[in-house]
Amino acid sequence: MQSSDSDGVVQASGTPLGSLFSQVGGLRFKREKVPARTSGAIRIVVPRDIGHDGSLAAPDPTSSWVVPPDSLPRLEAGDMIATEVLAADGSIRAAVVTEADLPAVASDSVLVLRSHEPLDPGYVRWVLAFLRSSDLRAIAIGTVGIVRVKRSDLVNLEIPPLNDALAAALDDLAIVRERMSDWQRAATQLLQSAFRDRNVVQARERIIASGQTLRLRVEAATQLDEFGYIIRTRFPFPIAARWREVEVRMSAGEPKEAYEAVLATAEILCGYSALIVAALAREAGIELSSVRAIREKLAGGRTGPGFGEWVAVLEEIVSGRKRRTLPAEHPLHEFGSLLSGSETVAARKRLYDQRNAVAHHRGPDHVELPAALSSAHADLSKLLDRARFLADLRLAYFTDVRWDQLLGSATVDYRSMMGDHPVVPTNIMSSSRNDLEPDSLYLIDREHGLHLLRPFLIGRPCPRCRNWSTFHVDQVPRSGAVLKSLDHSHTLPDAAVGVSLSAVGLI
């Protein structure tokens, strides 16, 4: 089926390839090749010109040229071209023709697909990805040597449906690839200019100055291969700040403090995730018995939720039954994977037991400590690795919201509380929602959806250390609620928060 958006652009999904594209197969011709400079000569695109990355190579001295008759169809911008011969894994290489590739014609060993109507660029990328990654041996002919796509069967090839979340992910990857290609082109141009200066000293100075930004980009990208760097710079502030202390204590050779920091980080990772789950579940209308257990504990007025309660929330959301009505892109699905898997569960249990042992003064002695620290650090790393998705779910503190009734749009000033420091610049975004509130924490998901976290998580300056901090309700005595920071465990009395806690069923 096909549907058109407001601009008349077709968005197709789940349809045979032949219903979207015409002229499946190569544009066949048998003409004598001519030199590139011959009047009227245009390039012949052959299979080797189609790259594995979906690009079409520029003409080079080995390219072939032909003066085609008027009856021979030329390639057009937007045509999808692909190799006819299958790779060892059954896939083919495919690319989209651009204006820069023209004029050109395809050889008879190149498949050419021309869409009946304009297709959404995201869907075109989806078709390309499908062709490049699918095993097409079921529609191939030839068993020895070269195996080719059977053109008559290609038209019936079913293209899987594409949803908005997957389309957004493909768009992000396309942007990343283009940005990296730009960097590569800049580096190539700089290398090619190395000997344009007659003075070697001047050449060196120019290359160092011009290449500084490129070198810094590569250095920053290389650091992302270090998982600790990702946690420090891309994880939500409460977790990143705790991890920073782990690294500092371990690098300083302080095993006792490092061990305690590792266990605290594990608890805060589970605590932060559980509080997000509670907020998202309430928003989605999902009732969690583990949240009711937290409410009952708070009703006692003496102790608040801890490691055990956080784990209970995360374990409850592991069940797909709780999430079966949610769309595939909903962030609760990713939280549901955090404590799944036998190795992850075992690591969490060991950390939980070690945390309890320390809390009851049964921790390892100085002889056992090095081995205990090594084991706990490895287990924490397993949990953090399962929580990589947190780097894509932004914790944002909305400092101001201005609604324009005429435009039907809100302008939001916010601070992205990601990384290990609470002092970050203010950003601006727009939203069509008129129910956003200032001075509150929100979760921004991959599809830019906004999820209110108040009062499960509350952001405000800590009166004790004066740092901006993330708080959760810890106790509810008769005098009013007491909040506790995830970042440093300082507490903050707040009687006024009781109304919102009651509204979400925490008290």
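**Salt bridges in the predicted model**

Asp 385 is partly exposed, with a relative accessible area of 36%; partly exposed lies between buried (under 20% relative accessible area) and exposed (over 50%), using a 1.4 Å probe and protein chains only. This is a predicted model in which local features need pLDDT of at least 70 and side-chain atom pairs count only at pLDDT 80 or more, while totals for chains, interfaces and linings use all residues. Residues are numbered from 1 along each chain as its sequence is written, and side-chain values use heavy atoms, with hydrogens and water left out. The structure holds 28 salt bridges, each a side-chain nitrogen of Lys or Arg within 4 Å of a carboxyl oxygen of Asp or Glu.

**Pairs with two partly exposed partners**
- Asp 385 is joined to Arg 388 by a salt bridge whose closest N and O atoms are 2.6 Å apart.
- Arg 388 is partly exposed at 40% relative accessible area.
- Glu 254 and Arg 249 meet through their side chains in a salt bridge of 2.8 Å, N to O.
- Glu 254 is partly exposed at 26%, and Arg 249 is partly exposed at 27%.

**A pair between two strands**
- Arg 402 and Asp 413 form a salt bridge, with 3.0 Å between the closest N and O atoms.
- Arg 402 belongs to strand E13 (residues 394–404) and Asp 413 to strand E14 (residues 409–416), so this pair ties together parts eleven residues apart in sequence; strands (E) are DSSP runs of at least two residues, numbered from the N terminus.
- Arg 402 is partly exposed at 35%, whereas Asp 413 is buried at 14%.

Note on methods:
Helices (H or I, at least four residues) and strands (E, at least two) are DSSP runs, numbered from the N terminus.
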